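Please consult the structure while reading the points below.

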Amino acid sequence: MSCWETIADYGLRSIGIGERLLPKEDFTLCQQFTLIGSGMIWNIYFGLVALVSGFFFATALAVGKASNNRLFRKLAEWFIFIFRGSPLFIQFFFAYFLFLSLKQAVPIFAPFTAAWLGALVVLFFNTAAYSGEIFYGALQSIPKGDIEAADAYGMTGWTRFRRITFPTMLRLAWPAYTNEAIFLFHATTLVYFSGFPAWRQKGDALYYASYFADKTFNPFIPYPILAGYFIILTLIVVSVFGLANTHLNKHLPKEARRKIRFRPNIIR
Amino acid sequence: MSFYVSFGTVLLLLAITAPTALAFGFAGAMSARARFAPLSWIGKGYIAIVRGVPDIAFFLFFVIALDQAIEWSRHKLMCRDWTDPIRQGNDFVVCAEAKMPLGTAAQWVHEVYGFSLAVITFAIVFGAFAANVLFGAMRAVPRAQMETAEAYGMTHRQAFWRILVPQMWVYALPGLSNLWMVLIKATPLLFLLGVEDIVYWAREMGGSKTARFTAYPHGDWRMWYFFALLVFYLAFTRVSEIVLDRLMKRLTHGQATSGGEAQRRANA
């Protein structure tokens, strides 16, 4: 079987298109590359959707934590503390079994026991909490002069937030936020190891990598392949965020722009 | 009962891993700033490689890789007249004497062996993070301090141990305490390494039990077990935060940093 046929059979295996049975023996390098790569679809899906949706919630959390209203502040603080203070792994487990119990009471929760939605919700909350804390830190370090200048122009409330506070916050938070995005993509590998079932062996990249490692009892091929894919993904994330960073700081002289420092990979 | 013992397992892991990882980190940082170039490449390579690879992939990889490395070298040493290749297709075959632990060993030996593999894996991964923190901290110690040491005629080694090492901790502590938090939150990953830890027992004991197999039949309680774990971790991180805060206050005392300066002014 040529490599192109393998790609045609297994390229979209992780979303259920193509050959149903996974290869059982005589694993070729091509099969490993294709299947692990096809698993990356899930990692990208989880990471991207959680990141984009989490961004808005994180902004809300940061504003809530910085607000003068005691109720909002406490709510945001507790939310951030709970999601940052406990391991993501345990959160996945808890959420899965929570959804299982809820499903028995209310059938609406049935899709939540599947990874594509249930794990996504957990990742969404988790990244919102982590980036919320980053944004909160940035909110606290907005130069006083910027706000004063906005006041002097007569801007208040929503206008001031939209034109001054929010862009400055993003500018300050962006390097840290880039790292958060990288962690998030790495964290997506936990999904299929934490209770959420890989239905019909539709799993993510690590799921397939460990499948191969189990079958061949040889970790030295699948895991480096996985690492290679993730390094590429990380580089893409860094360059996309780098472009956004240049866009955010394009009014500044070149030397004054803050470079994004690449600090990937800390387990949560 | 085993459920409560497994909390002990987690604490034991932390108690062993933290100093081991710190030692790994110290060695890594020392070799990274060595003046002998190949040694410094080794140190820097160690830091870069471990930090660049996705987290749990590393855990899954290292446990099998270490196990195979040990068995492989024992095989080479002890069974010289064995001619069959070790990798036969999908199998990893070593002679009976080279099995680690021996096939005849007691159950607890297997458990201890598995646990120590986990500890080494954790130490290698977190050692790299710690090395990075310590490397930064060593560079953060003001250059003037080292110049003074040289002016007093101390050798390179003396200056390192007497001046640099005692002073670097205050710079290293924020990074290290961050790392400690991450380490706490990484402990549930023990489950993936095949150690019977709290996650394992929470799944086992929380599952529905019928009266036929146990004296305490109950429904699916896994949700509550994982909720308990969540609370345990939250409490643990909170307590660590408070303790580390105190430690930081103690360490900044009398240091030539803005924190130490603020303390001095507050007391004056």
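The model is a predicted one. Chain A contains 9 helices and 0 strands, whereas chain B contains 9 helices and 2 strands. For chain A, UniProt lists a "domain: ABC transmembrane type-1" in an unreviewed entry; for chain B, an unreviewed UniProt entry gives the feature "transmembrane region" at four stretches, among them residues 159–176 and 223–244.

**Chain A overall**

- The elements of chain A run α-α-α-α-α-α-α-α-α from the N terminus on.
- Taken along the principal axes, the C-alpha atoms of chain A fill a box of roughly 70 × 50 × 25 Å.
- Of the 268 residues in chain A, 43% are buried.
- When contacts in chain A between residues at least 6 apart in sequence are considered, 72% of them join residues at least 24 apart.
- The domain that UniProt lists for chain A covers residues 40–244. Over these residues the chain is 79% helix and 0% strand, with the end C-alpha atoms 24 Å apart.

**Chain B overall**

- Along its sequence, chain B follows the pattern α-α-α-β-β-α-α-α-α-α-α.
- Buried residues account for 31% of the 268 residues in chain B.
- Among contacts in chain B between residues at least 6 apart in sequence, 66% join residues at least 24 apart.
- The "transmembrane region" feature comes from UniProt, in an unreviewed entry, and is placed at residues 46–66, 112–139, 159–176 and 223–244 of chain B.
- The stretch of residues 159–176 of chain B is 100% helix and 0% strand, and its end C-alpha atoms are 23 Å apart.
- Residues 223–244 of chain B are likewise 100% helix and 0% strand, and the end C-alpha atoms of this span lie 31 Å apart.

- Helix α2 of chain A comprises 38 residues (residues 29–66) and, at 1.5 Å a residue, should span 56 Å. The end C-alpha atoms of this helix are 52 Å apart, which agrees with that expectation.
- The axes of α2(A) and helix α8 (residues 205–216) of chain A come within 6 Å and cross at roughly 150 degrees. Because angles over 145 degrees count as roughly antiparallel, α2(A) and α8(A) are roughly antiparallel to each other.
- On the α2(A) side, the residues that meet α8(A) are Q32(A), L35(A), I36(A), G39(A), M40(A) and N43(A). Their counterparts in α8(A) are A205(A), Y207(A), Y208(A), A209(A) and F212(A).

**Helices α6 and α7 of chain A**

- Helix α6 (residues 144–152) of chain A and α7(A) have axes that come within 11 Å and cross at roughly 170 degrees. That angle makes α6(A) roughly antiparallel to α7(A).
- D146(A), I147(A) and A150(A) in α6(A) meet R160(A), I164(A) and T168(A) in α7(A).
- Helix α6(A) is hardly covered, since the count of buried residues among its 9 residues is 0.
- Just after α6(A), G154(A) takes a positive phi of about 85 degrees.

**Buried residue L172(A)**

- L172(A) is found in helix α7 (residues 157–187) of chain A.
- L172(A) has 21 C-beta neighbours inside 10 Å. A residue is buried if 20 or more other C-beta atoms lie within that distance, and L172(A) therefore counts as buried.
- Leaving aside neighbours within four places in sequence, L172(A) is in contact with A138(A), S141(A) and I142(A).
- L172(A) and F135(A) are 37 residues apart along the chain, yet their C-alpha atoms are separated by 8.4 Å.

**Buried residue T113(A)**

- T113(A) is found in the loop between α4 (88–105) and α5 (115–140) of chain A.
- With 20 other C-beta atoms within 10 Å, T113(A) is buried.
- Not counting residues up to four places away in sequence, T113(A) touches Y96(A), F99(A), L100(A), K103(A) and G118(A).
- One of these residues, K103(A), is 10 residues from T113(A) in sequence and 8.0 Å away in space, C-alpha to C-alpha.

How values were computed. Residues numbered from 1 in each chain as written. Chains lettered and ligands numbered in written order. Predicted model: local features only at pLDDT ≥ 70, side-chain atom pairs only at ≥ 80, totals over all residues. Helix = DSSP H or I, 4+ residues; strand = E, 2+ residues; numbered from the N terminus. Expected span 1.5 Å × (residues − 1). UniProt positions renumbered as here; feature names shortened; annotations may be inferred. Buried ≥ 20, exposed ≤ 12 C-beta atoms within 10 Å, placed from the backbone. Contact = placed C-beta atoms within 7 Å. Axes fitted to C-alpha atoms, helices over the stretch in contact; angles between N-to-C directions. Parallel < 35°, antiparallel > 145°, perpendicular 65-115°, else oblique.
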